[in-house]
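Take a look at the model first, then read on.

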Amino acid sequence: MTTTTTASTTGPAARPARTLLDAPHHDGSALFAPTTTPALGDEVTVRVRVPKGAAVRDVRVRTVRDGEPRLLPARRDGGDAHEDWYAADVVAHHPVTSYRFFLDVPGGYRWLDGRGVHDREVPDAASFRLSTHAPAPAWLRDGLAYQVFPDRFARSAAADGRPTPEWAVPAAWDDEPAGSGPLAGTQLFGGDLDGVVGHLDHLQALGVRTLYLTPVFPGRSNHRYDAATFDQVDPLLGGDAAYARLARAVHARGMRLMGDVTTNHTGEGHEWFARALADPASPERDLYLWDDGGPDVVRPDRSGGGGDPYVGWLGHGSLPKLDWAADETWRRMVTGDDAVIARYLREPFALDGWRVDVANMTGRRGSADRTHAVARALRARILAERPDGALVAEHFHDAAGDLAGDGWHANMNYAGFTRPAWSWLVPAGSDVPFLDLPVPVPRRPAAAMVETMREVAALVPWGVTATQWNMLGSHDTPRLRSIVGSRELVEVAATLLFTYPGAPVVFAGDEVGATGTNGEHARTTMAWDQAARGGGPRWDTATLDVYQRLSALRSASAALRDGGLRWAVVHDDAVAYLRETPDERVLVVLARAPWPGVRLPGHLLAPGAEPEVLYGGVAVRATADGLDVAGDGPGVAVVRLA
């Protein structure tokens with residue numbers, strides 16, 4: 001790799017910025033592969049760009065057909081004074097066909113796969129993929145997805161007239177959420193669905209295209225992941241009628257509405273579980289996993305009238321685990337005429353899809369693994385009800401093994417986006433917990449972030465990468481502002497979110513600077529009173545402006561929505577990458593601190609053009625020698641080059 005710096009630098013002395021643009025490159029975007037879905041047996045032309053400086057003498061494509069590797073010749077397919085293009089024809093022999101590029105260079109050969117160029121042998125795990133499975137509907141990645149935790153978003157006038165359930169502890173709207181202990185699950189602020197309807201203008205101004213609500217079914221907690229029934233919407237939220245009103249209002253604005261369902265478990269108070277406990281001969285008995293001698297078995301207190309031991313999610317007695325070996329589970333959840341998954345996709349709710357909680361554990365128990373079968377069935381049922389329906393999974397870790405393309409359309413991308421982004425942007429000395437690890441978020445150089453992002457993205461087809469739900473926080477994590485500390489670093493993080501491949505997802509409140517040190521503590525209410533006054537301690541109008549502008553920028557740029565990703569610069573404190581379509585090239589620069597700056601090749605700029613600054617203050621200037629990127633930081637730049 002080439003290392004270059006500008007003649008004059010800004011900030012402290014540091015190691016030079018590393019540029020990656022002298023390496024051959026391929027991804028699954030329209031510059032390199034057809035965007036249509038091939039059928040089995042179709043011949044697909046894939047292309048690779050090879051810079052002149054790479055000294056490549058020959059290019060071939062390696063595929064694996066029926067378990068046997070094969071090398072296919074590639075042909076010259078255009079180029080200019082700076083780079084050559086090669087093309088090869090790959091037959092989609094399998095539902096998912098892997099391929100990587102063989103590069104003949106002096107002194108040996110190189111492999112190009114999804115992680116980059118290697119001068120050694122590599123496994124097939126990170127090879128590129130052609131998938132015959134249709135990708136997610138285009139709307140899933142067209143614009144911003146916005147997550148609402150119903151209890152904390154807004155209260156309608158009707159909320160005051162609803163009685164507090166016996167499990168709940170009432171809270172005032174301005175109270176601080178409990179971060180731990182029993183109160184974390186029982187503190188009730190009283191937000192409801194008509195409250196969401198009343199603030200859809202805020203979502204529209206933010207550029208929201210998809211509204212995603214965490215569960216709306218009744219439960220014995222404020223989070224409602226412990227459903228007591230799937231047959232109705234919680235009356236505390238306004239019931240079925242309010243959910244229907246919300247759906248109509250969302251759809252009238254051209255937005256989509258996604259629900260949240262637990263296919264792994266129900267609540268201990270669920271009507272199915274009550275019947276299963278009361279009558280071992282009931283059909284509901286088959287729905288659940290009972291004592292099998294394994295871990296996470298809950299043994300109820302028989303002196304208190306408890307029933308037989310059962311399996312709880314991670315051993316939690318409040319969340320009995322469903323048994324997907326039972327036909328009755330399939331019928332009630334997926335395949336039946338009035339199955340849970342299907343019912344809410346129909347009028348009057350007409351949900352556009354589902355996010356599935358704990359998708360990684362659904363159907364898995366010891367030697368039993370039905371997760372892929374469940375995912376395929378969920379997708380098939382959703383598409384049967386709504387041909388443009390979407391299915392998104394929750395995995396906190398590496399989900400590649402579950403994302404082959406015939407089940408979940410996408411995943412909540414904690415592993416490939418949230419974790420690496422936090423680790424780069426967190427200040428030194430942070431004490432904010434790192435999700436499920438017993439340590440604070442560690443501060444790492446940009447190379448660690450980039451390597452993780454590339455590795456995770458390389459394990460799935462490009463169509464999945466382009467649709468992954470990328471987040472800087474959710475209802476299960478600390479707030480972004482509490483992790484990075486400053487408004488300036490929030491802007492760097494938000495720019496990464498809106499310019500990286502995939503669908504940007506924002507947890508309600510992040511756009512106005514909400515804080516919180518863990519998932520429960522971060523479930524803050526929206527300070528609508530401060531919004532009406534033009535801002536306040538819990539309504540940062542400057543941060544809101546950043547989110548609105550970046551959301552609008554992404555909507556206006558085909559490259560930022562659909563383009564490929566070519567990493568250009570990696571420095572401890574800064575990164576730059578290109579988002580490219582056949583008609584547009586955009587350079588994104590992100591710096592967490594001052595850095596030396598860099599000079600990029602001038603041919604990245606269209607002939608006769610000047611860099612067009614779309615957003616940000618980091619200077620990008622065309623000179624006789626190339627494109628000079630200043631070492632300003634913290635700061636960002638989004639610049640159209642072609």
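D308 and R285 make a salt bridge, with their closest N and O atoms 2.7 Å apart. (For a salt bridge, a side-chain nitrogen of Lys or Arg has to sit within 4 Å of a carboxyl oxygen of Asp or Glu.) D308 sits in the loop between strand 16 (297-298) and strand 17 (310-311), while R285 is in the loop between helix 7 (271-278) and strand 16, so the pair ties together parts 23 residues apart in sequence. Helices (H or I, at least four residues) and strands (E, at least two) are DSSP runs, numbered from the N terminus.

How accessible are the two partners? D308 is partly exposed, at 27% relative accessible area, and R285 is buried, at 15%. Buried here means under 20% relative accessible area, exposed means over 50%, and partly exposed is in between, using a 1.4 Å probe and protein chains only.

## What sits behind the numbers

This is a predicted model, where local features need pLDDT of at least 70 and side-chain atom pairs count only at pLDDT 80 or more, while totals for chains, interfaces and linings use all residues. Residues are numbered from 1 along each chain as its sequence is written, and side-chain values use heavy atoms, with hydrogens and water left out.

D84 is buried at 10% relative accessible area, whereas K52 is partly exposed at 41%.

E584 and R640 form a salt bridge too, with their closest N and O atoms 2.9 Å apart. E584 belongs to strand 27 (residues 584-591) and R640 to strand 32 (residues 635-640), so this pair ties together parts 56 residues apart in sequence. E584 is buried, at 9% relative accessibility, and R640 is partly exposed, at 23%.

There's also a network of salt bridges linking D231, D338, R343, R346, R381 and E385.

Three strands make an open antiparallel sheet in the order 28-31-30. Strand 28 (598-600) and strand 30 (620-623) are the edges, each pairing on one side only. Pairing takes at least two DSSP bridges between two strands. Strands 30 and 31 (residues 626-629) run antiparallel and are joined by four bridges, and V620 stands opposite V629 in strand 31.
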